[in-house]
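Here are some notes for a colleague who has not looked at this structure before. Please read them with the model open beside you.

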Amino acid sequence: MDVTPILDSLNDAQRQAVTAPAEPTLVIAGAGSGKTRVLVHRAAWLIDVEGVSPQSLLAVTFTNKAAAEMRSRVESLLNIPVNHLWIGTFHGLAHRLLRRHWREAGLPQNFQIIDSDDQLRLIKRLLKNLEVDDSRWVPREVQYFINEQKDEGLRSKHLDDDGDPHRRQMISLYKEYEIICDRGGLVDFAELLLRAHELWRDNAELLAHYQRRFKHLLVDEFQDTNAIQYGWLRLLAGKTGVPFVVGDDDQSIYRWRGARVEHIHQFQRDFPKTTVVKLEQNYRSTATILNAANAVIANNSSRMGKNLWTEGAEGEAIRVYSAYNERDEADFVIGRLRDWIDQGNLRADAAILYRSNAQSRVLEEGLINARIPYRVYGGLRFFERAEIKDALAYLRLMSNRDDDSSFERVVNKPTRGIGARTIEIMRQYARANSCSMWRAAGAIASDELSSRAANAVLAFLNLIERMARDTAELDLQDKVDHAIHSSGLIDFFKKDKGEKGETRVENLLELVSAAKSFEPGMSEEEMSPLDEFLSHAALEAGEGQASAWEDCVQLMTMHSAKGLEFPLVFMCGMEDGLFPHQRSVADPNGLEEERRLCYVGITRAKETLYITHAEQRRLHGMDSFAQPSRFIAEIPAEHIEEVRPRVQVSRPLHTPRSSPVTRTMVTTGAEMGIRLGQRVRHGKFGDGVILNCEGQGAHARVEVNFENAGTKWLVLNYANLELM
Ligand code: ATP
Ligand code: MG
């Protein structure tokens with residue numbers, strides 16, 4: 001291959017990075033400036049021009065998807081098979097290494113990887129065997145503790161209890177956990193990294209072998225490496241390796257998972273000869289989107305500072321839609337998506353981003369109703385999430401005791417001392433007597449079980465009976481609310497101090513929201529609202545699921561959008577308290593991390609960006625009012641265009657005067673400003689609230705709910721409504 005094609009599509013700074021001499025290189029640059037592109041081209045350059053063997057290249061990406069992308073890009077650039085190349089995530093590469101060197105790593109050849117649920121189960125069993133009180137030593141806290149230590153590269157033997165008895169116990173549990181994993185040949189995710197690190201650290205010959213083999217180490221998203229990942233790289237680089245890392249300090253969003261943006265500075269200390277390359281031209285987004293992102297991130301104080309510019313078109317203004325509530329927001333998003341699809345665009349080119357997982361529910365509902373195929377990227381659809389299935393299983397049992405699969409799902413969740421052995425006895429009994437598990441449980445509790453097991457089973461049966469009795473007269477939403485609490489699920493997940501537990505609690509509370517807005521009576525059959533809700537949930541879980549190859553809209557959290565790009569992006573739920581997240585607003589570091597996340601979100605958009613927020617939101621089962629996110633106000637007004645509801649609006653309610661939303665709106669309205677939910681006064685009917693609007697200009701009509709005169713449709717031009 002001729003040299004030019006590789007360099008052709010690069011600018012000068014990118015070319016400088018790609019062709020940099022074989023010395024440590026740090027490319028530090030903003031979003032969409034071609035960091036990932038540079039990394040890929042660097043690989044191609046080394047192989048094709050410098051004659052480096054593809055075997056001596058190791059490339060680390062952040063996700064499996066990015067790794068696949070890099071493989072295919074290298075493949076298409078070079079036309080060589082790439083399956084055997086060492087391109088992957090940190091976890092993937094560590095795994096590969098351990099498979100090859102299981103003996104040196106002290107593992108059995110058939111070692112098993114356990115995911116975080118397996119890990120948790122293991123810890124629970126361990127606590128039980130040791131007869132440790134699991135209400136004091138909460139399994140999830142133990143799990144969190146262990147993983148945190150491993151991420152820092154620490155084994156139990158390295159830890160000091162500092163005279164703290166609580167810590168002493170944690171350390172000893174960590175030690176027991178290590179023993180069990182070693183005995184069973186089990187390797188959890190954090191262990192993959194730690195073990196791979198130790199493998200090299202303690203095995204000079206092996207390390208030397210890999211140092212000779214992998215001279216070129218390419219790393220993407222370097223700002224989000226944690227201690228053990230960085231340590232691993234440093235070991236491998238040694239004195240002769242050539243690390244080539246790319247990253248953006250403004251996109252460091254995983255501090256809460258142990259990532260340290262400080263590694264960017266550490267890198268320059270550890271490799272004093274480092275060449276730093278800055279890329280400043282952005283190729284992804286329109287000038288409008290880019291300038292908006294730049295303006296937002298400029299509010300952060302701890303930055304390395306860089307200036308991103310583009311030669312690209314100015315592009316459309318960022319559309320901000322201020323929704324009345326979360327359903328109005330979803331309707332709006334879906335309406336715009338429809339237009340987009342109708343114009344012949346690919347669904348996969350559109351992404352809906354949100355801050356917290358539970359927000360997906362209302363959006364999913366809208367997409368399902370509109371029959372727009374979608375996929376939740378990096379996660380499950382709402383009704384497929386484990387905690388939602390748990391809660392539904394309780395509700396199903398309350399409605400129908402003979403539902404065996406629900407019975408099995410929750411009989412011991414949260415743990416209540418009903419072990420696998422007891423369940424097996426029930427199954428046998430149920431099979432032999434052709435009855436449900438519920439009946440079997442009742443029957444065997446009286447004679448076939450030990451008194452401890454029998455008590456546990458009876459307690460479960462009583463719990464379900466009590467839940468059904470106590471909720472008999474309640475509304476659907478209160479039933480659901482009661483169920484998630486009295487089942488113990490909420491407490492169970494609350495004990496999990498990690499991100500997962502919090503998300504699960506939020507999702508459970510969101511199920512109450514779902515019940516609240518569920519409108520029963522749509523079914524032909526005679527059904528109780530609960531049964532109708534349960535069938536709705538079952539259908540939603542199964543329906544609309546796009547198959548892998550189908551073109552579908554992408555839903556994801558802002559976190560999982562890192563590194564990706566889409567022509568059309570919606571950022572939903574841009575409200576203070578939701579984004580920035582409530583728990584971060586009081587803490588300056590937390591707020592800065594949220595702002596970086598916002599920067600990541602905005603810079604995913606290539607052409608069109610919508611930002612939506614709702615004045616009123618039902619989320620996690622609660623209704624709340626919110627101000628538009630402060631991040632919206634950080635976008636210069638000239639880049640924003642307020643999208644109006646069906647009727648022309650000139651002045652929003654609930655929007656602070658300082659926000660850009662307000663500023664742009666004042667300029668528009670010759671026509672009277674109206675929004676849903678707004679309070680108005682009518683000469684004859686008195687005070688009321690706008691419920692609905694339709695039509696444009698002279699035909700614009702509004703529906704108003706008057707406190708004394710009831711609901712009326714009025715023609716705006718004649719009504720002489722006074723805004724309040
Ligand atoms: P992020 O920070 O979001 O990870 P990045 O810096 O890795 O972004 P890339 O994804 O590599 O940026 O590039 C962004 C977009 O710009 C891609 O579509 C890429 O193909 C395009 N691009 C990058 N450099 C050039 C160039 N010199 N000419 C044309 N297009 C380019
Ligand atoms: Mg990238």
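1. A polar contact here is a pair of N or O atoms within 3.5 Å. The model is a predicted one. With that cut-off in mind, the surroundings of ligand 1 can be read as follows. A polar backbone atom of Gly32 sits 2.9 Å from an oxygen atom of ligand 1. From the side chain of Lys35, a polar atom is 2.6 Å away from an oxygen atom of the ligand. Tyr283 contributes a side-chain N or O atom, 3.5 Å from a nitrogen atom of ligand 1. The ligand exposes 640 Å² when taken alone, and the protein buries 85% of that.

2. The shell around ligand 1 has 19 residues, and Lys35, Arg37, Gln251, Glu565 and Arg604 are the closest. Which element gives the most to this shell? Helix H3 (residues 35-48) does, with 3 residues.

3. The sheet comes next. It is open and has 6 strands, which follow one another in the order E3-E2-E6-E7-E1-E8 with parallel pairing. Strand E3 (86-89) and strand E8 (275-279) are the edge strands, each pairing on one side only. On average, neighbouring strands are turned by 15° against each other, direction ignored.

4. With strand E7 (residues 242-247), E1 pairs in the parallel sense over 4 bridges. Within that pairing, Leu26 stands opposite Val245.

5. Further along the sheet, strand E2 (residues 57-61) pairs with strand E6 (residues 216-219) in the parallel sense, over 4 bridges. Leu57 has His216 of E6 as its bridge partner. Helix H5 (residues 90-100) lies across E2, E3 and E6. The helix runs at about 120° to E3.

6. Helix H15 (residues 360-369) deserves a look. Is H15 largely enclosed or largely open? It is largely enclosed by the rest of the structure, because 9 of its 10 residues are buried. The buried residues are Ser360, Arg361, Val362, Leu363, Glu364, Glu365, Gly366, Leu367 and Ile368. Arg371, which follows H15, has a positive phi, near 55°.

7. The last point concerns Ala483, which is found in helix H21 (residues 476-486). Is Ala483 buried or exposed? Its relative accessibility is 1%, so Ala483 counts as buried. Leaving aside residues up to four places away in sequence, Ala483 touches Leu395, Met398 and Met467. Met398 is 85 residues from Ala483 along the chain, yet the C-alpha atoms of the two are separated by 9.0 Å.

Technical notes: Residues numbered from 1 in each chain as written. Chains lettered and ligands numbered in written order. Predicted model: local features only at pLDDT ≥ 70, side-chain atom pairs only at ≥ 80, totals over all residues. Heavy atoms only, no water. Pairing = 2+ DSSP bridges. Helix = DSSP H or I, 4+ residues; strand = E, 2+ residues; numbered from the N terminus. Axes fitted to C-alpha atoms, helices over the stretch in contact; angles between N-to-C directions. Contact = heavy atoms within 4.5 Å. Buried < 20%, exposed > 50% of the residue type's maximum accessible area, 1.4 Å probe, protein only. Near = heavy atom within 4 Å. Polar contact = N/O pair within 3.5 Å; in protein donor to acceptor, adjacent residues only side chain to side chain. Areas by Shrake-Rupley, 256 points an atom, 1.4 Å probe, with all protein chains shown as cover.
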